[in-house]
Amino acid sequence: MTASRTARERVRAELTREIVEIARRQLATEGAGGLSLRAVAREMGMVSSAIYRYFPSRDDLLTTLIIDGYNALGEAVERADAAAPGDDFPGRWAALCHAVRDWALAHPHEYALLYGSPVPGYQAPQDTIAPRVRDLRVFGAILSAAQRAGALVPPAAPVEADPALAGDAEASLAELMPGVPGDALLRALSAWTALYGWVSFEVFGQFKGAFEDNRPAFDHMVRALGATIGLTRA
C-alpha cells in the first residue's frame, strides 16, 4: 500500500510540474490573461476534465505560477546578498539590485506576471504574501544590520520627513526592518520603488533608444539610491 501510494504521489508530482511548465510557456505566448487550463490539457494530451484534479481552476494555476515566481526572485536575491561581504552595505544593496534586474531580464514573462498589469478577475490569496516579501526581507536585513553597525547615515541634505509618515513607516515595517528609524525607512521605500520602476521600464522596453548600454546607467542609479538611503561601509 505504501509503495503504491508513493508511486502515485510521484506520478502526480511529475504531472503537476509538467502542467506548471506548460503554463509558464503559455505566459510567454498568451500572457497571464490568456492562460487556459483547457489549452494546457490539450498540449499534454489530457482530457480537459482530468486537469481539474490537479488545479481546480485557472486561478489556482495562476497562484502557483505567482508563488513560484516570487520564490525564484527571492532565492536569487538571497544568494546575491549571501555572496557579498556582510559589512559592505552599499555592496550588499548593489548585489540585491543586480539580482532583481538579472532575474527580471532572464524571466520577463514571469516578471510581468508579478509586476505587470493585474490579471482581470484574479485576487491573489494569502499564500502569495510570504513569497512576495522574500526580496524585501533581504533589503530589510541589510538596513537593520547597517543601522546596528552605525552605517546607515542620513545624506548631507535630507528631505525633512513628516513625523506622521515616519511613524506609519515604522509601524508597517517594524517586522521586516527592525530598528530602522522612520526617516530612513521613507528613504528606503523611495529607493525600493525606484529600483522596481527602473527594472520594469527596462523589461517592458521603455528605455529603448535611451542608452546604448543600460548596465552603466543602472549601476549609476543603484549607487545614487544607496547614497539616498544613507548606506555606508561599517
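This note goes through the fold, the core, the aromatic pairs and the surface of a predicted model.

1. **Fold.** The chain holds 11 helices and 0 strands. Read from the N terminus, the elements run α-α-α-α-α-α-α-α-α-α-α. The C-alpha trace spans about 65 × 50 × 35 Å along its principal axes.

2. **Contacts along the chain.** Take the contacts between residues at least 6 apart in sequence. Of these, 73% join residues at least 24 apart. Buried residues account for 42% of the 234 residues.

3. **Core.** The largest nonpolar core has 70 residues. Trp93, Leu96, Phe139, Leu143, Met177, Leu195 and Leu231 touch the most other members. Helix H10 (residues 182-203) gives this core its largest share, 10 residues.

4. **Leu231.** This residue is among the core members with the most contacts to other members. Leaving aside residues up to four places away in sequence, Leu231 touches Phe89, Pro90, Trp93, Ile142, Leu143, Ala146, Ala151, Leu152 and Gly226.

5. **Tyr70 and Tyr115.** The count of aromatic pairs is 12. Tyr70 sits in helix H4 (residues 58-83) and Tyr115 in helix H6 (residues 108-115), so the pair links parts of the chain 45 residues apart. Tyr70 is buried, at 9% relative accessible area. Tyr115 is partly exposed, because its relative accessibility is 27%.

6. **Trp198 and Phe218.** These ring centres lie 6.0 Å apart; the planes are at 55°, so the pair counts as tilted. Trp198 belongs to helix H10 and Phe218 to helix H11 (residues 214-229), so the pair ties together parts 20 residues apart in sequence. Trp198 is buried at 13% relative accessible area. Phe218 is buried too, at 0%.

7. **Aromatic cluster.** Tyr70, Trp93, Tyr111, Tyr115, Phe139, Trp192, Tyr196 and Phe204 form one cluster.

8. **Ala7.** Ala7 is found in helix H1 (residues 2-30). Its relative accessibility is 29%, so Ala7 counts as partly exposed. Ala7 and Ile67 are 60 residues apart in sequence, and their C-alpha atoms are 26 Å apart in space.

9. **Surface and charge.** The chain exposes about 12400 Å², and carbon and sulfur atoms supply 55% of that area. There are 23 positive and 28 negative side chains. The centres of the two sets lie 8 Å apart.

Terms used. Residues numbered from 1 in each chain as written. Predicted model: local features only at pLDDT ≥ 70, side-chain atom pairs only at ≥ 80, totals over all residues. Heavy atoms only, no water. Core = buried A, V, L, I, M, F, W, Y, C linked by side-chain atoms within 4.5 Å. Buried < 20%, exposed > 50% of the residue type's maximum accessible area, 1.4 Å probe, protein only. Helix = DSSP H or I, 4+ residues; strand = E, 2+ residues; numbered from the N terminus. Contact = heavy atoms within 4.5 Å. Areas by Shrake-Rupley, 256 points an atom, 1.4 Å probe, with all protein chains shown as cover. Lys, Arg positive; Asp, Glu negative; His and termini not counted. Charge placed at Lys NZ, Arg CZ, Asp CG, Glu CD. Phe/Tyr/Trp six-rings, centres within 6.5 Å; stacked < 30°, edge-to-face > 60°.
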